[in-house]
Amino acid sequence: MAVLLLTAACGGNNASSGEANNTSPAASAPASAERAETAKPEEEVTLSFLHWRGEDVPAFTEIIGKFQTEYPHIKVEMQTLPSDQYQTAALAKIAGGDAGDVFASFPGAQFEAVAKAGLYTDLSAEPYVPNFNEALIEAGVKEGKRLAIPYQLVYNDPIYNVNIFDKLGLTPPDDWKGFLALCATLKENGLIPIAFAGADIGPGQFMNTMVMNNLPSDDAFTKVEAGEAKLTDEWWVKTLSQIKELNDKGYFQPNALGTKDAAAGALFIQEKAAILASGSYQLAQNKAQNPELEQKLLAPITVEAGQAKYEGIHTSTFLLGISSKSKHPEEAKAFLEFLSRPEIAGQYANATGQNVTVKDVEYTTPELQTATEWAGKKTLFQPRFTITNGENQKAVTNSIQAVLGGASPEDAAKEAQAVVDQSLAK
C-alpha cells in the first residue's frame, strides 16, 4: 500500500505515516465507478494535496487511507503550509506545477489571484457538485464557472466563555452601549474582556463583526475597490474608532498589537479572558485543551438596539480546487468526489470540529452543534473576503493595527485609502 507523506501542523516538514488503514471502502458514486473502470490500476498515480490546515492532518490521513483502499493505484501526498504564509506561497507552488493537484484556497483575494492566473480547472459539470449546499458554495464561482468548491462553513464571530458569563449574570448585548458595559463588568471582575491576536489573525477576523452593521451597503468594500466609495468615509472611520475605543479602555489584553493567535487563544483557554476574537473554527481546539470549557458565539453589535441588520458573520472557505496544471485531473476529480460524500464529510467535520458545506451531514460534537445554532440567524458573508485585491485587503487590516499602535482613526483610514488609490491608478 502506498505510503503518505504528511507535513506536520504549521511546520512545513514532511513526516511519514504508516500504511493506509485497511478500512472498508465507501460506496462509490456512479462517476467515481466510471473513473475506476477507465483508470489503469497497474500504473500508480501520485496526487499532491496542498492546504493550510496542519491541525487537520490526522483526519485527512484517515480519509486518504479510505480513498486509497478504494483507489489502490492512486497515492495522495499531503502538504500543509502555515496559514499566514499560504496566501502567497501556495500560489507559487501551484503555478510551478510542483504541488497542488488538489488544493485549498481562501475566498476573496487568493481565489481571485488563482483564477486570474488560470490555475483552476472548471468543475461546473462535475456530477458531485449537487452533494453540496448550493447557497453556501457561491464563493467558488467566477464568471459563471465553478472553479472551486468551499468545503468549510465558518462563523467568524467571537467565542465567549458561557460559565464566566453565567457566573456574572451576563448575556450577549444587542447594542454598542451594552457591549461596552459588558466589557467593563468583565474587566472589573479581574478578567481580560477580549483576547485579541493583533499581531496576526485578529484584525482580519474581528473587523467583520465590527463593520457588518456599520456598512452603508453589503458591497461597500466592492465599491471602495471600484472607486465608488472610500475608506475615509464615515462607516470605516467609525469602525476603527470603535476598535480603538475597546483598546484604549483596556478591553483587550496589554500589548494586543504584539499578541499572536496562539497566545491570545491561550488566554481564553486558561479562562483569563472571557471572549476570544476569532471564530467557530477554534471551538474544537479550545475544547481539546480545556475540556471544562463551555463555549458559545457572540458578535459585537456596533449600533443602537433595533438598528442591527445582521447578527453575525459566516464564511464558506477552504475552497477545494483542481490545478489546471495537474497531470492527473481525473484522479483529482475522484478525490474531490470522495470528499463530497456525506459520510466522509461527516467524518472530517466531527474529527476536526469544522462545519461543512456538504448536505445531509450528521454532527456529533457539542462544538459543531454550537456553530450549527447560527444557521438560523441572519449572518453576512465575511466582508473582508469581498476585497479581491490582496494589497487592498492588507491595507484594511493594517489600518486596524495602526489604531492599536496609536494612530488616529482618520489618519489610519487615510493611509489605507492611499493604497487603494494606487491600485485604482494602475
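Entry 1: I looked up an open sheet of 4 strands, whose order is 10-11-9-12 with mixed pairing. Strands here are DSSP runs (E, at least two residues) and helices are DSSP runs (H or I, at least four), numbered from the N terminus; two strands pair if DSSP finds at least two bridges between them. Strand 10 (192-195) and strand 12 (295-297) stand at the edges with a single partner strand each, so one side of each has no neighbour in the sheet. Neighbouring strands are turned by 30 degrees against each other on average, direction ignored. Axes are lines fitted to C-alpha atoms, for helices over the stretch in contact, and angles run from 0 to 180 degrees between N-to-C directions.

**Entry 2: the model.** I noted that this is a predicted model, in which local features need pLDDT of at least 70 and side-chain atom pairs need 80 or more, while totals for chains, interfaces and linings use all residues. Residues are numbered from 1 along each chain, and side-chain values use heavy atoms, without hydrogens and water. The mean pLDDT (the predictor's confidence in each residue, from 0 to 100) of the protein chain is 90. Over residues 1-40 pLDDT stays under 50.

Entry 3: I found strand 9 (residues 159-161) and strand 11 (residues 273-276) paired in the antiparallel sense over 2 bridges. Tyr-160 has Ile-275 in strand 11 as its bridge partner.

**Entry 4: two helices.** I found helix 7 (residues 202-211) packed against helix 15 (residues 390-404) at about 95 degrees, with axes 9 Å apart. Helix 7 is therefore roughly perpendicular (65 to 115 degrees) to helix 15.

How values were computed: Contact = heavy atoms within 4.5 Å. Parallel < 35°, antiparallel > 145°, perpendicular 65-115°, else oblique.
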